[in-house]
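Subject: Structure handover

Dear colleague,

I am passing the structure below to you, and my notes on what was found in it follow. Please read them with the sequence and the 3D view open side by side.

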Amino acid sequence: MPRGVRSPNPGGSCPERTDHKDPGERLVSAATASRTTATDHQAPRHFLDLRDFTPEVIRQIIDLSAKVKAMQNGRRQPLHPDRPLEGRSLGLILAQPSTRTRVLFEVGMGQLGGSVSVLSPGDMQLGRGETVADTARVLSRFLDVIVLRTGNDANLRELAKWSSVPVINGLTPVSHPIQILADVLTFEEHRGPIRGKTLAWIGDGNNVATSLMEGAALLGFNVCLATPESFSPNPEAVEWARAHGATIEVFRDPAEAVAGADAVLTDTWVSMGDKDRERRLKVFQPYQVDTALMAKAAPNALFLHCLPAHIGEEVTSEVFEGPASVVFDEAENRLHTQKGLLLWALGRENG
């Protein structure tokens with residue numbers, strides 16, 4: 001088990017596979033699993049949720065990301081001088097459309113010397129009924145790391161359960177941990193150590209909010225959330241973060257959540273797959289981040305948004321384009337944190 005990982009198999013709670021009925025096939029599967037165990041000396045470094053790790057590992061990944069970013073010297077030296085992932089290959093499975101996730105993993109892997117295969121479930125045998133378990137074991141023979149962006153969290157868990165190479169959560173409806181790595185790096189670049197600071201989350205208590213609370217528990221910052229009652233943050237995630245030392249407060253009034261905060265974060269009100277756009281727009285209207293709301297935060301508070309943004313809905317143009325906004329620094333830092341994450345996942349954190 002990699003040092004600092006709380007569980008060697010975060011997806012291990014998935015039920016045992018029952019689709020193969022023939023005893024001979026089960027023996028073949030067992031033999032395959034046995035060979036994988038024999039050839040790999042440690043469990044793969046999956047990155048599914050922040051809560052799977054110790055604070056030291058998350059800090060290591062963020063610090064490594066900052067180091068890799070500094071080596072790039074702006075964009076004057078984008079290629080890592082040692083090409084540490086040369087010959088390594090990444091499979092990027094996109095079950096949902098993506099701008100940042102696709103481009104950043106493609107560019108980041110290339111800057112580290114590796115290659116990327118972009119895969120769509122519709123173009124794979126998954127689209128013709130092959131199981132996630134079989135897909136995981138096949139791709140593990142071809143690839144060195146797999147990133148999955150999916151609308152079904154159970155598929156991520158199943159993929160990690162059967163994969164013998166690292167699986168990275170590119171986004172699920174439950175969590176979005178890679179976004180929080182970039183958010184923390186961005187905050188610390190502008191305001192120094194995040195420990196002890198207060199971040200206000202305004203709007204939908206969604207997957208990003210869940211990962212933000214997990215990050216708070218690991219890195220020692222506080223989170224105040226303001227959400228409509230019908231879009232409250234995951235109560236299990238709130239309790240987990242509190243049980244692990246985080247101060248998490250949930251409000252209905254955005255002004256209460258923002259008061260004195262060191263940063264204000266929001267997200268789109270309508271995500272892919274949401275069928276209730278008009279209802280959401282009406283419910284979330286009091287949660288728009290505008291200049292009056294930002295004025296209630298600390299005088300030097302930052303504004304962050306994981307993008308894509310819908311100006312005039314969750315945020316006004318004055319805030320999005322204003323001096324408090326570090327949105328595009330945040331977007332750029334997705335590249336650097338994903339490079340740091342890849343180096344860590346493939347055991348190259350020391351170069």
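Strand β1 (residues 89-94) and strand β3 (residues 145-149) run parallel and are joined by five bridges, and within this pairing Ile93 stands opposite Leu148 in β3. Please keep in mind throughout that this is a predicted model. The two strands belong to an open sheet of four, arranged in the order β2-β1-β3-β4 with parallel pairing, in which β2 (115-119) and β4 (167-171) are the edge strands, each of them pairing on one side only. On average, and with direction ignored, neighbouring strands of this sheet are turned by 20° against each other.

Leu171 has a relative accessible area of 13%, and because the cut-off for buried is under 20%, Leu171 counts as buried. A positive phi also occurs at Asn73, where it is about 55° although the residue is not a glycine; Asn73 sits in the loop between α2 and β1 and, with a relative accessible area of 32%, is partly exposed.

Turning to the helices, the axes of α2 (residues 55-72) and α6 (residues 177-191) come within 10 Å and cross at roughly 65°, and this crossing is right-handed. On the α2 side the residues in contact include Ile58, Ile61, Ile62 and Lys69, while α6 contributes, among others, Leu181, Val184 and Glu188. The residues of this contact divide into seven nonpolar, one polar and four charged.

Together with helix α8 (residues 235-243), β6 and β7 make a right-handed β-α-β unit. The loop between α8 and β7 holds Gly245, which has a relative accessibility of 66% and therefore counts as exposed, the cut-off being over 50%. Gly245 and Leu218 are 27 residues apart in sequence, and their C-alpha atoms are 8.2 Å apart in space.

Finally, there is a cis peptide bond between Leu307 and Pro308, with omega about 5°, and Pro308 lies in the loop between β9 (302-305) and α12 (317-320).

Technical notes:
Residues numbered from 1 in each chain as written. Predicted model: local features only at pLDDT ≥ 70, side-chain atom pairs only at ≥ 80, totals over all residues. Heavy atoms only, no water. Axes fitted to C-alpha atoms, helices over the stretch in contact; angles between N-to-C directions. Left-handed = near helix turned anticlockwise from the far one by under 90°. Contact = heavy atoms within 4.5 Å. Nonpolar A, V, L, I, M, F, W, Y, C, P; charged D, E, K, R; others polar. Pairing = 2+ DSSP bridges. Right-handed = clockwise from strand over helix to strand, strands pointing away. Buried < 20%, exposed > 50% of the residue type's maximum accessible area, 1.4 Å probe, protein only.
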